[in-house]
Structure formats: structure tokens, C-alpha cells
Amino acid sequence: YSVVAGKSNSSVAANNMVMMGLENAASSVNNSVLAGNLNTLQSCCNTLAVGKSNTAVGSNQTALLGELNTTGTANYSVVGGYQNTASSVNNTLIAGAGNTVRSSSNAVVAGKANTATTANQSTVLGELNNVTANWSLVGGYQNSVSANKSVVTVSYTNLTLPTIHSV
């Protein structure tokens, strides 16, 4: 069963779906919800897209909330905010604006313009951080971290806290 309400919405091979709003599109979708405008789901199951111009491809048990968020193969994840991108992620939370997370599991990325690649079990908070490390905690501004099991923080007031590397 599917419920479609609004204008210019389209669905192909969609089952157990709710679609509300304007110009939403679903293709090969099961047990999913699209609400808002210009959202697209393709080959998704149990996926939620709420807001405007969110796109999910190959997502399962994933929520996109906000505007212009994109996922490619995201499982059990939440992507919220503006222009965030998740690709090949599992159990990952992304919040803020302009964050990108790739090939990561159990990661948390929040803030603005952070990048996390192969950052499993890592947390990244702040702005313009670049993390390619596992089991790491990174907070602050413009940190670049590639050593696994790192804790890195830099405050916004030019007060630099020590970098601690643990084994």
C-alpha cells in the first residue's frame, strides 16, 4: 500500500510508502516516507526523507532531515542539516552543514564543513576538520588527523590544548 498526496509526485515500484509534498520521486522503494519538496529515494528500504531536495540512493533504515542532504549506501544512519553527504556509511550520525562522511561506521560528525573518511568509531565536532583515523575524538577548528586512537582539540579562542595520542 502507498499513500501519495500533493502535486507532481512520482513513484515506480514503491511499496508501503507515504509521499507528501511537491515533486518528490521514489523508485524501487519499500516502507519509506518522503515529506516536503523535491526529495528523491532510489533503491531504498525503511528510509525517511523530510525537507527539501534530499536524495538517498541505496539506503536502508536511514533518515535524511533538512535540505540538500545526500546519501549513497547508508545503513542505520541519520543525516540532518544542510548539504551534508554520506557515502558507504553504517550507524553514522551527521548533523550541521557541508559535512562529508565516506566509508565509515559508527561515526558522529557535527558542525560545519568537516570531512571524515574511513573514520570508524570516530567523533568529529567543530568546523573544517579532516579526519582519516579510526577510534578518534576530534573537536575544534581546522584539525587534520590521520593517526588512529587520537584525541585532538583546539578551541576557537586561540587557546590550544595539548594533543594527546594514545595507543
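Author: Let's start with Ser59, which sits in the loop between β8 (55–57) and β9 (63–67); strands here are DSSP runs of E with at least two residues, numbered from the N terminus. Keep in mind that this is a predicted model, where local features need pLDDT of at least 70, side-chain atom pairs count only at pLDDT 80 or more, and totals for chains, interfaces and linings use all residues. Residues are numbered from 1 along each chain as its sequence is written, and side-chain values use heavy atoms, with hydrogens and water left out.

Ser59 counts as buried because its relative accessibility is 2% (buried is under 20% relative accessible area, exposed over 50%, partly exposed in between, with a 1.4 Å probe and protein chains only). Its side chain makes a polar contact of 2.7 Å with the side chain of Thr71; that term means a pair of N or O atoms within 3.5 Å, where within protein one must be able to donate a hydrogen and the other to accept it, and residues adjacent in sequence count only if both atoms are side-chain atoms. Setting aside residues up to four places away in sequence, Ser59 touches Ser43, Cys44, Cys45, Thr47, Thr71 and Ala74 (contact is heavy atoms within 4.5 Å).

At 34% relative accessibility, Leu65 counts as partly exposed.

Definitions and conventions: Helices (H or I, at least four residues) and strands (E, at least two) are DSSP runs, numbered from the N terminus.
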